[in-house]
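Here is a short report on one protein model. Look over the sequence and the fold before reading on.

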Amino acid sequence: MSRVTARRKTIRVTPTGRTQRPDTLAVEEPLELRVDGQSLTVTMRTPGGDIDLAHGFLLSENIIGAREDIVSARYCAGTDENGHNTYNVLDIQLRTPTPILARSFLTTSACGLCGKTALDEVRTRTRFPLPADGPVVDPDVLAALPDELRSRQTVFDATGGLHAAGLFTTDGTALAVREDVGRHNAVDKVIGWALREGRIPAHDLVLVVSGRASFELVQKAVTAGIPVLGAVSAPSSLAVDLAADSGLTLAGFLRGDTMNIYTGAHRLGLGDSIAASNGATLRD
């Protein structure tokens with residue numbers, strides 16, 4: 001499927017005048033995930049990497065814990081006005097049937113959960129507790145990862161309209177980079193890749209995201225056993241609380257040679273003491 005980008009007419013306005021020209025946009029389409037034939041959720045995503053997205057989402061929501069829990073994943077009924085398959089309905093067959101329709105997902109900012117309830121929910125559902133100590137990541141390596149991520153955002157180059165997530169080794173080697181209109185989908189795609197490659201729990205990997213670090217993204221990292229999360233922008237307060245509660249190393253504002261370390265500074269060789277409540281700023 002080459003449905004990642006689309007062309008639309010636009011009027012370009014500049015100080016020198018106006019011109020009409022086509023613009024390249026990131027495609028956004030719904031993906032319905034079904035489990036054993038029953039509708040589970042619908043997410044708006046950029047087509048591509050849907051199998052990884054499904055694996056990552058089901059792991060993040062604690063519906064599965066290993067790649068062997070999924071027997072098959074196939075596109076099914078879903079056609080456009082011309083009768084062509086839209087590839088927007090994906091059915092997952094589980095090895096062990098699971099009652100899923102009554103589940104409530106921690107995937108929206110308006111789910112009605114208070115902070116403590118949300119933290120407790122993640123704590124009780126986590127299959128892969130994070131290691132107390134390692135791995136150790138050189139701060140210079142971590143600082144360089146956003147540029148490494150950006151260099152692999154090929155669709156962003158064409159559209160300027162996609163988030164990205166990447167999984168890296170502790171020495172900065174890129175293993176998987178995915179783009180999507182939804183930052184949570186991009187993270188699910190790389191986590192799904194890791195699950196299918198047998199790298200979950202990902203206790204030796206680093207997750208980097210192109211935008212902010214929300215509670216949801218920290219939750220996904222913790223659930224996948226990823227010990228280090230770096231974000232180009234800011235985290236939310238609840239994201240920092242969850243990172244601290246789970247033992248995750250969380251760094252924000254990864255820009256050039258600076259970053260803010262909010263939790264888990266020991267994995268960056270900075271010791272355990274980082275400004276008692278508000279994190280620390282690191283500059284080379």
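Predicted model: local features only at pLDDT ≥ 70, side-chain atom pairs only at ≥ 80, totals over all residues.

Residues are numbered from 1 along each chain as its sequence is written, and side-chain values use heavy atoms, with hydrogens and water left out.

**Overall**

The protein has 7 helices and 13 strands. Both are DSSP runs numbered from the N terminus: helices are H or I with at least four residues, strands E with at least two. Of the 284 residues, 47% are buried (under 20% relative accessible area, 1.4 Å probe, protein chains only). Among contacts (heavy atoms within 4.5 Å) with a separation of 6 or more, 51% link residues 24 or more positions apart.

**Helix H5**

H5 has 14 residues and spans 20 Å from first C-alpha to last, close to the 20 Å expected at 1.5 Å a residue. The expected span is 1.5 Å times one less than the number of residues. Burial covers 11 of the 14 residues of H5, including Val187, Ile191 and Trp193. Glycine 198 follows H5 and has a positive phi, near 75 degrees.

| Element | Residues |
|---|---|
| Helix H1 | 50–60 |
| Strand S7 | 163–169 |
| Strand S8 | 174–180 |
| Strand S9 | 205–209 |
| Helix H6 | 215–223 |

The axes of H1 and H5 come within 6 Å and cross at roughly 90 degrees. Therefore H1 is roughly perpendicular to H5 (65 to 115 degrees). H1 contributes residues including Ile51, Phe57 and Leu59 to the contact, and H5 residues including Asp188, Trp193 and Arg196. Axes here are lines fitted to C-alpha atoms over the stretch in contact, with angles from 0 to 180 degrees between N-to-C directions.

Strands S3 (residues 29–35) and S4 (residues 38–45) run antiparallel, joined by 7 bridges. Pairing takes at least two DSSP bridges. Glutamate 29 has arginine 45 in S4 as its bridge partner. The hairpin has 2 residues between the strands, and aspartate 36 takes a positive phi near 50 degrees.

**Aspartate 91**

Is aspartate 91 buried or exposed? Aspartate 91 counts as buried because its relative accessibility is 11%. Aspartate 91 lies in strand S6 (residues 89–94). Aspartate 91 touches residues including Arg34, Asp36, Arg74 and Cys76, leaving out residues up to four places away in sequence. Isoleucine 51 is 40 residues from aspartate 91 in sequence and 9.9 Å in space, C-alpha to C-alpha.

Conventions. Buried < 20%, exposed > 50% of the residue type's maximum accessible area, 1.4 Å probe, protein only. Parallel < 35°, antiparallel > 145°, perpendicular 65-115°, else oblique.
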